[in-house]
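Subject: Structure handover

Hello,

I am passing this structure on to you. Please look at it first, then read the notes below.

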Amino acid sequence: PRAATTAAAKEWVAEAHRDIDVCKPCLDNDGQTYATKADAYADYPGGSGYIHCLGAKNCRCKIVEESR
């Protein structure tokens with residue numbers, strides 16, 4: 001019989017750059033999990049820079065892909 005292959009389940013997690021300069025929206029979203037890459041990238045276009053960040057283009061937060 002053919003061996004079954006299963007892909008590891010993935011989730012995407014928001015990771016704030018936690019320092020004195022992190023803004024409240026980024027800190028509040030830190031650790032937020034997304035079921036799909038599309039959902040995560042809707043909030044973090046291209047995988048970084050939270051759309052609600054008060055620092056706009058200077059946002060250092062990102063999405064990290066993790067196995068469940």
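This is a predicted model: local features need pLDDT of at least 70, side-chain atom pairs count only at pLDDT 80 or more; totals for chains, interfaces and linings use all residues.

Residues are numbered from 1 along each chain as its sequence is written, and side-chain values use heavy atoms, with hydrogens and water left out.

The sheet

Three strands make up an open sheet, and their order is E2-E1-E3 with antiparallel pairing. Because strand E2 (33–34) and strand E3 (62–67) stand at the edges with a single partner strand each, one side of each has no neighbour in the sheet. Strands (E, at least two residues) and helices (H or I, at least four residues) are DSSP runs, numbered from the N terminus. Two strands count as paired if DSSP finds at least two bridges between them.

Strand E1 covers residues 10–15 and pairs with E2 over two bridges, in the antiparallel sense. Trp-12 has Tyr-34 in E2 as its bridge partner. E1 and E3 also run antiparallel and are joined by six bridges. In E3, Ser-67 stands opposite Lys-10.

Arg-60

Arg-60 sits in the loop between helix H2 (37–43) and E3. Its relative accessible area is 40%, so Arg-60 is partly exposed; buried means under 20%, exposed over 50%, and partly exposed in between (1.4 Å probe, protein chains only). Leaving aside residues up to four places away in sequence, Arg-60 touches His-17, Asp-19, Asp-21 and Val-22, where contact means heavy atoms within 4.5 Å. With His-17 there is a side chain to side chain polar contact of Arg-60 at 3.0 Å. A polar contact is a pair of N or O atoms within 3.5 Å; within protein, one must be able to donate a hydrogen and the other to accept it, and residues adjacent in sequence count only if both atoms are side-chain atoms.

Asn-29

Asn-29 belongs to helix H1 (residues 24–29). Asn-29 counts as buried because its relative accessibility is 9%.

Regards
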